[in-house]
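Hi,

Here is the structure I promised to pass on. Have a look at it first, and my notes on what turned up follow below.

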Amino acid sequence: MLNDHNKKSTHNIIIFSAIWIVAIGILMFSLYQNLGYAKVINYSGVVRGATQRLIKKELTNHPDDDMIVYLDDLLENLHTGQGSFNLIKIDDENYQNQIQSMMIKWEEIKTEIKNIRAGESPDRLFSLSENYFEDADRMVHTVEKYSNLQLKQLIIFFLFYLVLSIGAFIIWYRFKQDELNKVLYIDSLSGIPNLTAFELNVVAYLEKKQDKELVVLCFDIDDFKFLNTSYGYSLGDSLIKIIAKVVKKVAVQRDCCARSGADNFYLLAENCKDLYVHIGTQLIEAIQKECEFDIASDISFSFGGFKIQGDIEIREIIDRVHLAHKNAKSMKSDAIVWYDHTLTVQLLEDNMKIKQMHRDLKEEKFLLYLQPKFDVATQEIIGAEALVRWQFSKDVFLYPDSFIPLFELTGNIFELDFYMLEKTCAYIKTHHLEQNDFKVSINFSRVTLYRKNFREQLFIILDKYDVRPTSLEIEITENSINGLSDPIIYLLQDLRQQGFLISIDDFGTGYSSLSLLSSLPVDILKIDKAFLLDKHNEKNIQDILGLIISVAHSLNIKVICEGVETQEQASLLKALSCDYGQGYLISKPIDENDFESKYLARKGRAVR
Ligand code: C2E
Ligand code: MG
Ligand code: MG
């Protein structure tokens, strides 16, 4: 883009220089011409004076033939523009008539000179000379007039040229500038301004003192990526265009809206009660009307907002609305999140957590907790899930939900995931879990899976502790598998071939359909605890669980259910042929040492 801009500037300089070079050329040419006219005026005067002098000499018996030759040449040069005086030819008709008549009179003067030299009276020469003088005088004036006229015409032409060319240049420049502005400030897909233009337009709008209560909103489509991958990118594009149209309408001014990134929209609007509900309804209606797929009811938005009060920098406004939007996204709530001071405090706390995370990883303040998994039929412990806890300070003990989403958002989660992998491998080795066919599952975030050297780092850690893949199960949340790219699917296939078990965690919380399972390299389906914890819909839930379990079994996939808290739930799972269970009925996640003394101290496989 910058390169393009530089090219355009060079182009402009070339055109502007060319205009001036031509202008200077015209000026030089006119100067040259005027010098030529001045010379002709000068020599016309010489004709007048030299003829008088010659006649005077003839009359006083001082004949001067050289002067006659000189005047012959001069008149010829003035007439034709050719000769030793280097005079230009003047194409004015009046002038040409005058010089021709003077040349005729000059011939008469020369005849009269010959007569005088032969002794005739000088009277006729006198009158001829008077006449000739007046003609010569007239010719000088004619040349002067012609020269002035030419100069005037040139000046007019020059000014005309300058006005025209500079005018044309300005129009062209404006046109190019508009084109450049479009590239720099307009989002090409939606046709509405981009964030940079939005900032400029909002500043301009706010400068016109307003008495309205204004707000800046930022929103995006929930699970846009999922929609894109499920329905195709053309649906994504058409959603963006439909939304842009609505946003343009509801903004306080058509240019006070923007699209940035994939599906982030911004707008400046006049605040009113339930503004975001009103906008959301318009968006859904537009999608319902214009979208080729019947998906309006599946679409929701996350809104963040900032109420503008007092003088505030645009950057600050955008930062605040971003912060509010980020919170709206992480809360996954339907309501708008308005910026308030606590969000900044939250941001500072989050930043502090990230900083402390690095230190605490080194100091091993992240602890390995384990929760047993059991065989539903026998209630025998068959493995465990590794879960992290953070000893944040002497008195503060943090659970994953208070830091994992943050680490995922900032991309730091992979450091923790590899740390937990290392702790788990060390645990497996120390307690010889391999020999007991005891599998430990470990949670990997999507961010971790997408790390470039994920596979390499995974095997470095396994090799370091001499642990085989068959001792480990990799848990990936259902939300992570939506829209998995092909390379990641190949990676999972490869890991499975190496001996890892792959399981889909929290199944039932996302959008994936059971049919997706057949296309993924999966060994175990882990049904989210929400199913068993939902006490209102027990009958329905039982039916759904039964269905999920039978479909999974038909695909050769084992099923484990989370959140088993009561014996009744365990019995239900048994009746539904669920393979494994995990929950407080057997044990909460416990510290690695407690896990060892409770489940591993006895030889052989741990039993409840
Ligand atoms: P998850 O992998 O689905 O883990 C199961 C969660 O359910 C655990 O919460 C566990 O304590 C809880 N749970 C187990 N049994 C019961 C029960 O009977 N009733 C109820 N109400 N809850 C039960 P926890 O340990 O707080 O972990 C929360 C989530 O944090 C995990 O969900 C997992 O997604 C994530 N997580 C934990 N450790 C790690 C980690 O090392 N890396 C990554 N990426 N994520 C982790
Ligand atoms: Mg898990
Ligand atoms: Mg889970």
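Along the chain, the donors of the magnesium ion (ligand 3) follow the spacing D-D-x55-E. This is a predicted model, by the way, so read everything here as computed from it. The residues behind that pattern are Asp-505 (OD), Asp-506 (OD) and Glu-562 (OE), which coordinate the magnesium ion (ligand 3) at 1.7 to 2.3 Å. The site ties together distant parts of the chain: Asp-505 sits in strand E11 (residues 501-507), while Glu-562, 57 residues apart from it, is in the loop between strand E13 (558-561) and helix H20 (567-575). Both Asp-505 and Glu-562 are buried.

Now the neighbouring ion. Besides Asp-505 (OD), the magnesium ion (ligand 2) is held by Glu-385 (OE), Asn-443 (OD1) and Glu-475 (OE), at 2.0 to 2.2 Å. Here the sequence spacing of the donors reads E-x57-N-x31-E-x29-D. Again distant parts of the chain are linked: Glu-385 belongs to strand E7 (residues 381-391) and Asn-443 to strand E9 (residues 439-443), 58 residues apart.

Asn-443 has 25%, so it counts as partly exposed.

On to the helix packing, where H12 has two partners in my notes.

- H10 with H12: helix H10 (residues 341-362) and helix H12 (residues 413-430) pack with their axes 11 Å apart, at an angle of about 15 degrees. Angles under 35 degrees count as roughly parallel, and therefore H10 and H12 are roughly parallel to each other. Their crossing is left-handed. On the H10 side the contact uses Met-357, His-358 and Leu-361, and on the H12 side Glu-415, Leu-416 and Tyr-419. By class, that contact of H10 with H12 comes to four nonpolar, one polar and one charged residues.
- H12 with H14: the axes of H12 and helix H14 (residues 454-464) come within 9 Å and cross at roughly 25 degrees. H12 and H14 are therefore roughly parallel to each other too. This crossing is right-handed. From H12, Phe-418, Leu-421, Glu-422 and Cys-425 meet Phe-454, Gln-457, Leu-458, Ile-461, Leu-462 and Lys-464 of H14. The residues in the contact of H12 with H14 divide into seven nonpolar, one polar and two charged.

Last, a couple of backbone points.

- Asp-223 is not a glycine, yet its phi is positive, near 55 degrees. Asp-223 lies in the loop between strand E1 (214-221) and helix H6 (224-231). With a relative accessible area of 38%, Asp-223 is partly exposed.
- Gln-379, also not a glycine, has a positive phi of about 60 degrees. Gln-379 is found in the loop between strand E6 (366-375) and E7. Its relative accessibility is 15%, so Gln-379 counts as buried.

That's what I have for now.

Cheers

How values were computed
Residues are numbered from 1 along each chain as its sequence is written. Chains are lettered from A and ligands numbered from 1 in the order in which they are written. This is a predicted model: local features need pLDDT of at least 70, side-chain atom pairs count only at pLDDT 80 or more; totals for chains, interfaces and linings use all residues. Side-chain values use heavy atoms; hydrogens and water are left out. Donors are N, O and S atoms within 2.8 Å of the metal (3.2 Å for Na, K and Ca); water is not among the atoms, so sites may look incomplete. Helices (H or I, at least four residues) and strands (E, at least two) are DSSP runs, numbered from the N terminus. Buried means under 20% relative accessible area, exposed over 50%, partly exposed in between (1.4 Å probe, protein chains only). Axes are lines fitted to C-alpha atoms, for helices over the stretch in contact, and angles run from 0 to 180 degrees between N-to-C directions. Angles under 35 degrees count as roughly parallel, over 145 as roughly antiparallel, 65 to 115 as roughly perpendicular and the rest as oblique. A crossing is left-handed if the near helix is turned anticlockwise from the far one by less than a right angle, and right-handed if clockwise. Contact means heavy atoms within 4.5 Å. Ala, Val, Leu, Ile, Met, Phe, Trp, Tyr, Cys and Pro count as nonpolar, Asp, Glu, Lys and Arg as charged, and the others, Gly among them, as polar.
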